[in-house]
Amino acid sequence: MHYEVSSTHSLSKVLSAIADAKSLLIFQSIASGYVESDGLLKKTNLSRKQYYSRISAIVDAGLVRKKNKKYHLTSLGKVVYGLQITTQNALNNYWKLRAIDSFDSVSEREQEEVIENMIGDQNLRELLAKKYSDSAISNVLEGSSCIHQQAEERNHGNLMLVEDEPDVLFAFKTILISEGYNVDTFTDSFEALKHFIKLNRPYYDLVILDIRMPGINGIQLYQQLKRIDNDLRVIFVTALDAAEELASILPDLNPPYIIRKPIAAGDFVNVVKKIIS
């Protein structure tokens with residue numbers, strides 16, 4: 001299983017992924033429905049090496065994902081594509097925007113009237129009329145560096161434990177805390193998922209999941225968490241001999257990441273330390 005920390009999804013990475021004309025064409029084609037590699041290769045007239053280096057960068061930037069052998073825009077990709085459309089509309093109105101700049105000596109009200117009369121696109125009108133506060137600009141600038149910092153801020157001691165049996169949960173938590181780990185515990189898998197999403201950044205070094213749980217079971221929760229953070233490390237704990245079942249469902253999962261209950265405290269700690277280190 002791959003556990004290397006992925007590169008941060010930063011503004012510079014997103015922009016560089018679609019910076020050249022061919023990469024931009026690939027991204028726009030996926031947004032327009034050209035979602036199969038053979039079609040994209042033919043459309044871009046790139047070599048396979050050139051094509052795959054570009055599509056890999058777009059995927060790594062979080063703009064596109066592949067599902068059922070077809071490429072689709074991610075939610076981030078849809079937002080970026082929407083902003084790209086707005087940018088293209090601005091370029092289509094380039095001379096009108098230059099003309100608006102020439103009215104910089106008139107009053108604010110007169111500028112608004114000029115914008116209203118010259119620009120037909122509602123999004124462009126709103127952007128031109130919008131006033132950005134110093135705090136808003138500061139948040140954008142800080143965000144570019146903060147996201148990268150957050151991705152590397154795992155303390156190598158933050159664990160999430162999801163177990164619907166309170167006694168087992170308490171026992172595991174007590175063991176882990178005694179070893180110096182910070183442990184967040186949940187008996188409800190859906191609450192654990194909401195908490196994980198709310199963090200909005202890489203935080204946990206390891207998530208320990210029971211398999212048999214009501215509502216969202218451990219396997220389903222694992223799949224949801226991995227869609228959000230593909231580099232997340234996960235241990236399954238189960239009272240059943242479920243190694244073969246898990247291997248058939250999750251072929252990339254290694255046997256050491258499946259623990260059968262009951263387990264001695266020392267053995268449990270050793271598995272946790274081995275995986276985190």
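The numbered points below begin with the basis of the values and then take up each topic.

1. This is a predicted model, in which local features need pLDDT of at least 70 and side-chain atom pairs count only at pLDDT 80 or more, while totals for chains, interfaces and linings use all residues. Residues are numbered from 1 along each chain as its sequence is written, and side-chain values use heavy atoms, with hydrogens and water left out.

2. Helix 2 (residues 21-32) packs with helix 4 (residues 48-60) at an angle of about 65°, and their axes are 10 Å apart. Helices (H or I, at least four residues) and strands (E, at least two) are DSSP runs numbered from the N terminus. Axes are lines fitted to C-alpha atoms, for helices over the stretch in contact, and angles run from 0 to 180 degrees between N-to-C directions. The crossing of helix 2 and helix 4 is right-handed (the near helix is turned clockwise from the far one by less than a right angle).

3. On the helix 2 side of this contact (heavy atoms within 4.5 Å) are Lys22, Ser23, Ile26, Phe27 and Ile30; on the helix 4 side are Tyr51, Arg54, Ile55 and Ile58. Six of the residues in the contact of helix 2 with helix 4 are nonpolar, one is polar and two are charged. In this division Ala, Val, Leu, Ile, Met, Phe, Trp, Tyr, Cys and Pro count as nonpolar, Asp, Glu, Lys and Arg as charged, and the others, Gly among them, as polar.

4. Five strands form an open sheet in the order 4-3-5-6-7, with parallel pairing (two strands pair if DSSP finds at least two bridges between them). Strand 4 (182-186) and strand 7 (258-260) are the edge strands, each pairing on one side only. From one strand to the next, the twist averages 20°. Strand 5 (residues 206-210) and strand 6 (residues 234-238) run parallel and are joined by four bridges; Asp210 has Val237 in strand 6 as its bridge partner.

5. Helix 10 (residues 166-178) packs on the sheet and touches strand 3 (158-162), strand 4, strand 5 and strand 6; the direction of helix 10 makes about 170° with that of strand 4. Helix 11 (residues 189-199) lies across strand 3 and strand 4, at about 155° to strand 3.

6. The count of salt bridges comes to seven, each being a side-chain nitrogen of Lys or Arg within 4 Å of a carboxyl oxygen of Asp or Glu. In one of them, the closest N and O atoms of Asp20 and Arg54 are 3.2 Å apart. Asp20 lies in the loop between helix 1 (11-17) and helix 2 and Arg54 in helix 4, so the pair ties together parts that are 34 residues apart in sequence. Asp20 is partly exposed, at 30% relative accessibility (buried means under 20% relative accessible area, exposed over 50%, partly exposed in between, with a 1.4 Å probe and protein chains only).

7. Lys261 and Glu163 form a salt bridge with closest N and O atoms 3.1 Å apart. Lys261 is in the loop between strand 7 and helix 14 (265-276), and Glu163 is in the loop between strand 3 and helix 10, 98 residues apart. Lys261 is buried at 13% relative accessible area, and Glu163 is buried at 0%. Glu163, Asp210 and Lys261 are linked in a network of salt bridges.
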